Amino acid sequence: MFRKIISSPSKSKSRKFVSVSLHSTNYCYYDPSTPPSSPSKHISPRQKWFQITPTSFKGFNRSFSSGYQLNSTQFRVSNLNRNGVSILRRGFSSETVRDCINYDVVIIGGGPAGLSASIRLKQLCCENDVDLSVCVVEKGAEVGAHILSGNVFEPRALNELIPQWREEEAPISVSVSSDKFMLLTEKHAIPLPNPFDNKGNYVISLSQFVRWLGQKAEELGVEVYPGFAAKEILFDENENVIGIATNDMGIGKDGSKKDNFQPGVELKGRINLFAEGCRGALSEKLIKKYNLREKGHGQHQTYALGIKEVWEIDAKKHKPGAVVHTLGWPLDHKTYGGSFLYHMQDNQVSIGLVCALNYHNPYFSPYDEFQKLKGHPAIRPLLENGTVVQYGARTLNEGGFQSIPYPVFPGGAVVGCAAGFLNVPKIKGTHTAMKSGMLAAESAFEVLNKGSNMKNYWESLKKSWIWEELYQARNYRPAFEYGLFPGLAISGLEHYLLKGRVPFTLKHGKPDHEATHEASVSSPIEYPKPDGIVSFDVPTSLYRSNTNHDHDQPAHLRLRDPQIPQLVNLPKYGAPESRYCPARVYEYVADDKGELKLQINAQNCLHCKACDIKDPKQNIEWTVPEGGGGPGYSVM
């Protein structure tokens, strides 16, 4: 990554990287003796050759990604001209100054939507012989590290983006071989008519697929910076978004600067696309600041929490491509959700439970419900004698068509699951996220190259198959507000007869945090202890998530009012934060006087965002920790 910081943001395959050894660290510079392969082709000022001498690098220690470093107190990146290269200049001031780099397009989030947008932008550049600089900033330690999904992948958007993906060795090889839908009771699995049409779809690891997308983006000249968390939105004097700033590194718990302190970096874009995923911290601020949900005539967003494990099972039990979805047990009839079981490659299966976060009982624990699920007679035999490879959790949007915000703001747009394009009855959102990123990229290109308006993104969305798909599916999720069996009846009519043609649109119920009942009118739930065979305690699962945060940093989970846990959540709601979090970040611990106080174990956080959504008084604010912190998913 460092070679991109010191070089032009647009790569050319005709260029040659040469390494020089500086105190056992390799840095790269462009070899001026290697001319472009096509001298007649237009080369922008951004692509001019330049040479950096070894003495220029003295004192670097800021890590931009594994192996490449920059010391911000000794070197400063000048404001990068959109048509020029970045220039390193020497400075000896101890003053805290943030580096600033300018791009044509800055994309926040290295998931399916963000990377698809970056790839589409570079494709348009190639098609029109135009050079635009594109940057993707990702808070995970590497691309894909924070990506979790089921995932039965529909390749519709990928077919449009990279038609030759099979030849490009995309990690998509296990086609769906069977597809079952069942209603679970405590002891039985009852087959139901299958509403899913997964013919032509694939069972994949989304984290692996996203890493591949990142490689494709870099090959086209996109600069991808993992390990950098976007902390702050930058505005100009007219309240237009002009970029983001990453958070400072090396700040202690007490707010003091540690010896390794380095200030954040400002990444400024002419267009800024926010692709942070479900409940993105900055995206939510933009939606509120510019009233985007109201402007789009959308209702509040509704959410679910998905908890997942990947297992390696006995080869004799493995059926590559087999897909199973369930409704019912262990959830009660008033709680919307279900489970999935997908046979992947290499004797691996992914199993998970998705439960809507508008559940009522504050004693409900999604994590413990998932552990119960694995003990079902139809599931346990498959997992016995197997090994858990990885564990994780993530929230997902369920608002669908009714909750789509107006996605355009001054200076950019919100794309993918940050806006909320998941198709609930399909249980799929990757294809719609990718397509939204592609549409935003096309609008951004028109703005930068032809002077059009980003409002075209909104119009393109409404004309796309995303809109058609979500409109037809709009009444499925709210139908379950009436309970499991009424929901099944209404959704069955919608799917088999009406096909979205009814002249009305059902509304969502209360926001998820308002749906929680008080403890005094709720029944405590006793969960079985984990057996260590198919069910496990939270510390064991956390170890399998590879989650990690520096303990000596300010907590990224903040209480807007520190008194609410003791005055409201504990006495009124029975401490629900100790149960809705699938990582046990929140626990009540007795102090010296025997009084229970909320303790926040921020280092456990899986970045699922459940606390930001479900807290009854919306008292918890989820902010980004230091870049690179959080889970380290590789097969999720």
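This note sets out numbered points on the structure shown above.

1. Basis of the model. The model is predicted, so that local features need pLDDT of at least 70 and side-chain atom pairs count only at pLDDT 80 or more, while totals for chains, interfaces and linings use all residues. Residues are numbered from 1 along each chain as its sequence is written, and side-chain values use heavy atoms, with hydrogens and water left out.

2. Overall make-up. The protein chain contains 17 helices and 30 strands; helices (H or I, at least four residues) and strands (E, at least two) are DSSP runs numbered from the N terminus. Of its 636 residues, 59% are buried. Here buried means under 20% relative accessible area, exposed over 50%, and partly exposed in between, with a 1.4 Å probe and protein chains only. Contact means heavy atoms within 4.5 Å. Among contacts between residues at least 6 apart in sequence, 73% join residues at least 24 apart.

3. Nonpolar cores. A nonpolar core is a set of buried Ala, Val, Leu, Ile, Met, Phe, Trp, Tyr and Cys residues joined through side-chain atoms within 4.5 Å. The largest one has 84 residues, and F209 and Y457 have the most contacts inside it. Helix α9 gives the most to this core, with 10 residues. A second, separate core of 80 residues includes V152, L341, L484 and L598. In soluble globular proteins, nonpolar side chains tend to be buried together.

4. Helix α4 and F209. Buried residues of α4 include L206, F209, W212 and L213. Among the elements covering the buried residues of α4 are α2 (112–128), α3 (156–161) and α9. Leaving aside residues up to four places away in sequence, F209 touches F153, L158, P171, I172, I204 and M434. Just after α4, G221 takes a positive phi of about 105 degrees.

5. Packing of α9 and α11. The axes of α9 (residues 430–450) and α11 (residues 465–472) come within 10 Å and cross at roughly 145 degrees. Such axes are lines fitted to C-alpha atoms, for helices over the stretch in contact, and angles run from 0 to 180 degrees between N-to-C directions. From α9, the contact is made by H431, T432, K435, S436 and L439, and from α11 by W465, I466 and E469.

6. Backbone points to check. Most residues other than glycine have a negative phi, and most peptide bonds are trans. A cis peptide bond joins G150 and N151, with omega about 5 degrees, and N151 is found in the loop between β8 (134–138) and β9. The bond from W329 to P330 is also cis, with omega near 10 degrees. D129, although not a glycine, has a positive phi of about 55 degrees; D129 is partly exposed, with a relative accessible area of 42%. A575 is likewise not a glycine and has a positive phi of about 60 degrees, but A575 is buried, at 6% relative accessible area.

7. An exposed loop residue. V521 is found in the loop between α13 (484–498) and α14 (538–545). At 62% relative accessibility, V521 counts as exposed. V521 and P362 are 159 residues apart in sequence and 9.9 Å apart in space, C-alpha to C-alpha.
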